[in-house]
2 protein chains.
Amino acid sequence: MITWLGALMTVLLLKNLLKVRCGVLTVETEHVDVATLEKLEQQGIDCEPKASTIRIIQDKYLQKVHFSRHGIPLPEFMEINNLEETKRAGELYGYPLMIKGKRLAYDGRGNAVAKSEGELSSAIDGVHMVIVTWDWRILGGFGRGLYVEKWAPFIKELAVIVARGRDNSILCYPVVETIHKENICHIVKAPADVPWRIRKLANDVAYKAISSLEGAGVFAVELFLTRDGQILLNEVAPRPHNSGHHTIESCYTSQFEQHLRAVVGLPLGDPSMKTPAAIMYNLLGEDEGEPGFKVAHQLIARALEIPGATAHWYDKPEMRRQRKMGHITLVGPSVGVLEARRKSMLREEGYENRNEVAPRVGIVMGSDSDLPVMKDAARILNMFGVSTEVRIVSAHRTPELMYSYASSARERGIQVIIAGAGGAAHLPGMVASLTPLPVIGVPVRASTLDGIDSLLSIVQMPRGVPVATVAVNNATNAGLLAVRMLGVGDADLLARMNQYQEDTRDYVLTKAEKLRKDGWEAYLNQ
Amino acid sequence: MITWLGALMTVLLLKNLLKVRCGVLTVETEHVDVATLEKLEQQGIDCEPKASTIRIIQDKYLQKVHFSRHGIPLPEFMEINNLEETKRAGELYGYPLMIKGKRLAYDGRGNAVAKSEGELSSAIDGVHMVIVTWDWRILGGFGRGLYVEKWAPFIKELAVIVARGRDNSILCYPVVETIHKENICHIVKAPADVPWRIRKLANDVAYKAISSLEGAGVFAVELFLTRDGQILLNEVAPRPHNSGHHTIESCYTSQFEQHLRAVVGLPLGDPSMKTPAAIMYNLLGEDEGEPGFKVAHQLIARALEIPGATAHWYDKPEMRRQRKMGHITLVGPSVGVLEARRKSMLREEGYENRNEVAPRVGIVMGSDSDLPVMKDAARILNMFGVSTEVRIVSAHRTPELMYSYASSARERGIQVIIAGAGGAAHLPGMVASLTPLPVIGVPVRASTLDGIDSLLSIVQMPRGVPVATVAVNNATNAGLLAVRMLGVGDADLLARMNQYQEDTRDYVLTKAEKLRKDGWEAYLNQ
């Protein structure tokens with residue numbers, strides 16, 4: 001119903017465009033009548049992206065053929081016209097087997113999975129009951145156009161928003177991870193927590209895919225990351241996309257502004273992130289009617305209390321199960337911190353009342369005998385209002401704990417680690433080898449050698465793994481160094497450090513003035 | 001004309017409100033008919049902020065009396081009713097003397113300066129020719145209500161946006177510096193480059209001022225910073241304000257969203273900055289007609305090419321000299337970097353074609369003999385795509401250069417400094433004492449003592465001034481440490497560091513596998 005009404009409206013709208021002055025025409029969905037677009041292009045209306053691109057993308061089979069021809073890696077696929085062909089595809093590709101409608105498929109509609117040959121018939125029926133074409137023909141089953149796809153053994157789904165200007169300049173947004181729920185995008189994490197190599201690969205595939213299409217605009221490239229580290233193209237949308245909604249709050253240029261810049265021929269904006277991390281959570285319709293609205297509105301109410309959260313409510317008149325009713329974007333210092341906030345918002349188990357501030361600095365030491373020294377770092381961080389956790393983690397006596405602490409620190413939102421150790425002081429260096437975070441080492445003076453053993457054990461790290469070493473027993477400086485490091489992304493902290501330096505200077509000048517006035521003898525006798 | 005037409009429209013609008021369901025009423029200007037607001041309040045309409053607040057604020061003399069009674073520091077002032085009183089005020093306060101209209105003053109209208117007693121008459125005439133009141137009376141000269149203010153010897157103008165919830169919770173946005181041009185706000189820098197103590201003081205004054213008023217909403221508090229480090233209140237606006245426009249792009253909650261949250265009784269949002277810095281540049285009308293539009297549009301076109309710049313065009317039908325036609329906000333890593341971008345956008349002298357990337361890391365060394373060691377840091381930073389400058393700066397031979405380099409580094413946009421030195425190695429510690437930035441020290445091995453002199457000179461810093469020391473001659477690790485530090489505010493760099501660590505591991509594992517397969521003798525013989 002919605003589909004053919006939309007189609008009818010599109011046709012009427014496009015025909016009216018001819019009568020008014022229209023600089024450029026773009027689309028907000030690929031499910032439009034391409035024949036009309038082509039006619040408009042022939043009559044001199046500038047369509048961005050080009051009708052040829054919409055034609056390729058709106059038929060997912062044609063899309064696969066196109067990208068396959070351009071050397072883009074994607075799961076194997078073939079057209080099917082009857083049950084026999086489908087069975088042969090099943091023998092070739094194995095099960096589970098994806099059965100997909102060529103056209104008018106979105107948000108999980110038009111896709112079905114057959115886990116075995118016995119499920120093929122029902123899967124084909126399940127793809128979509130019928131579709132109504134632009135010229136009012138009703139198609140169903142194989143008549144609507146189907147193809148099969150080999151199951152991609154993916155471990156994550158990734159997406160890249162790609163902008164292409166009218167001058168063919170191409171810019172990619174950061175790679176994000178998309179988490180689906182019943183085939184519908186549910187959560188987007190930016191940037192994706194995958195190795196840099198994978199991000200680069202995903203970017204390359206996305207760049208190459210969009211280079212093969214014609215016209216300007218923003219495109220979303222959905223990708224699979226397979227168990228063996230390959231990136232396969234899933235599908236492309238020729239428009240701003242759910243996986244790019246986070247850009248409104250997290251990037252210098254939102255995908256919507258970027259699309260407009262692209263289609264009207266302005267220079268493309270900077271697509272990089274202005275916040276270190278973002279999580280987008282879709283508000284999917286639960287049930288029809290009031291209860292569903294109540295749940296969504298409760299969630300929005302909770303989001304209003306979360307720092308860095310922005311709620312978007314689309315104000316759709318009706319709620320349906322799995323319908324996208326709105327979304328909530330959280331931006332902040334790391335995906336780990338935002339995940340905790342998201343779970344707290346959803347009252348997930350273990351996160352019901354977690355309003356505590358996530359620690360930004362972790363202070364670890366090999367033994368409680370180091371605490372009298374290391375406490376000075378904690379005091380400095382408290383003074384600067386930096387949330388801190390203090391833990392005993394020994395390289396030699398609790399190696400497993402050290403491994404898990406260091407390798408999970410970043411994901412938990414820790415930004416700097418201070419590690420203190422004495423003697424054959426291995427903790428700072430070992431922690432540094434297990435995390436990309438900056439690690440500050442405090443050589444604690446042990447009973448012999450006056451701390452020179454601790455100092456050299458910490459500072460003389462091999463090439464590749466740096467430890468920022470401070471003076472023997474000088475945990476105060478470790479705390480101050482951590483504040484300076486956090487200041488790299490926090491102008492307030494930098495200003496407070498400046499103030500600290502001025503206060504220290506004034507304190508010393510007061511003493512200097514006293515010495516000048518009182519003379520050295522009186523000064524000493526006080 | 002605009003004024004009384006606006007007033008008439010306000011009255012009509014407010015009267016109509018009584019007929020419709022209205023949850024809460026707020027204002028976007030303080031120049032409204034307060035009597036009507038009060039009548040509406042009596043009839044049960046919820047006005048936020050309260051009519052009492054609007055009454056105090058719209059009469060600037062009443063405002064001064066109010067804040068003075070509440071102990072808020074502000075320049076001395078007195079009411080004037082005739083030239084004689086004005087002359088006496090001039091004798092008391094000295095010249096220059098500010099003469100101000102009590103009401104309907106904004107953007108420099110309604111203010112005049114008399115530099116001597118001889119200028120008093122013309123200044124009084126210059127305040128405003130006439131004003132038309134709500135009840136159509138035409139007032140001019142003393143009849144419109146004037147007061148004088150003692151000249152505040154300010155060195156900077158600051159502003160704080162303060163949000164007040166319906167539950168009386170109060171949150172302050174970061175203190176900004178406002179730069180005026182012919183009494184009209186021209187540039188806003190966030191955060192203000194003033195010591196932290198001044199920022200705290202400005203916050204305290206703003207907080208106290210808004211606490212003394214009734215009702216919810218966003219308020220702008222304009223302040224003077226005097227030569228002797230005092231903060232004086234200039235004036236308050238009971239609404240989102242030009243000095244808070246940057247919050248749209250730079251803060252977790254924009255002042256506009258915050259105002260709505262406040263007046264409808266939602267929890268206030270996080271007012272802190274999500275980007276380290278922002279600069280807002282007002283597009284002020286130049287001349288009437290086309291040429292003015294052309295200049296503004298050229299500027300917007302240039303802004304579109306600047307990373308992190310967003311143009312806002314208000315689409316006002318007419319341009320007038322000094323009229324606010326739009327604004328451009330730049331957000332990015334530091335006010336220094338943004339200032340260079342703003343000047344480049346305006347084609348200011350020396351910035352005409354400065355499109356080079358501002359360096360994020362400064363590598364300094366005492367002598368070119370350190371370069372063979374220090375080059376490794378530059379190579380690492382190049383590899384990670386971090387913009388870097390390499391300079392010779394000697395603590396002992398160019399102390400003035402060292403002073404100016406270190407103390408200006410932050411303002412120029414440098415985020416981390418790497419300093420290498422040998423022997424009595426003073427450079428890293430001296431640089432660290434002159435900047436709040438994190439400083440990495442590389443002990444360069446000199447001809448004697450095998451580097452132990454350099455190491456101890458750099459690492460054994462006194463409490464208060466930390467240097468992040470790496471191993472002797474290990475500038476590679478200094479580069480890697482700088483990347484980790486920048487990763488605190490740059491998730492991409494952190495991911496790349498992770499990849500670097502994985503690549504290093506794989507490289508070693510390849511060698512390990514080769515040794516296992518070939519055996520140690522064959523391995524050694526290769």
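A residue counts as buried when its relative accessible area is under 20%, as exposed when it is over 50%, and as partly exposed in between. By this scale A:Asp376, at 17% relative accessibility, is buried. The model discussed here is predicted.

Chain A can be superposed on chain B with an RMSD of 0.1 Å by a turn of 180° and a shift of 0.0 Å along the axis. This is the relation of a two-fold axis. The copies meet through the same surface, because 100% of the interface residues of chain A are also interface residues in chain B.

Side chains of opposite charge can pair when their charged atoms come close. Over all chains, the search finds 54 salt bridges. Three of these pairs are set out below.

| Pair | Closest N to O distance |
|---|---|
| A:Arg410 and A:Asp193 | 3.7 Å |

In the bridge between A:Arg410 and A:Asp193, the arginine lies in the loop between helix H13 (399-408) and strand S18 (416-422) of chain A and the aspartate in the loop between strand S10 (184-190) and helix H7 (196-211), so the pair ties together parts that are 217 residues apart in sequence. A:Arg410 is partly exposed at 22% relative accessibility, and A:Asp193 is partly exposed at 39%.

B:Arg463 is exposed, at 52% relative accessibility.

B:Glu149 and B:Lys64 are both buried.

Methods:
Residues numbered from 1 in each chain as written. Chains lettered and ligands numbered in written order. Predicted model: local features only at pLDDT ≥ 70, side-chain atom pairs only at ≥ 80, totals over all residues. Heavy atoms only, no water. Least-squares fit on C-alpha atoms with pLDDT ≥ 70 in both. Contact = heavy atoms within 4.5 Å. Salt bridge = Lys/Arg side-chain N within 4 Å of Asp/Glu carboxyl O. Helix = DSSP H or I, 4+ residues; strand = E, 2+ residues; numbered from the N terminus. Buried < 20%, exposed > 50% of the residue type's maximum accessible area, 1.4 Å probe, protein only.
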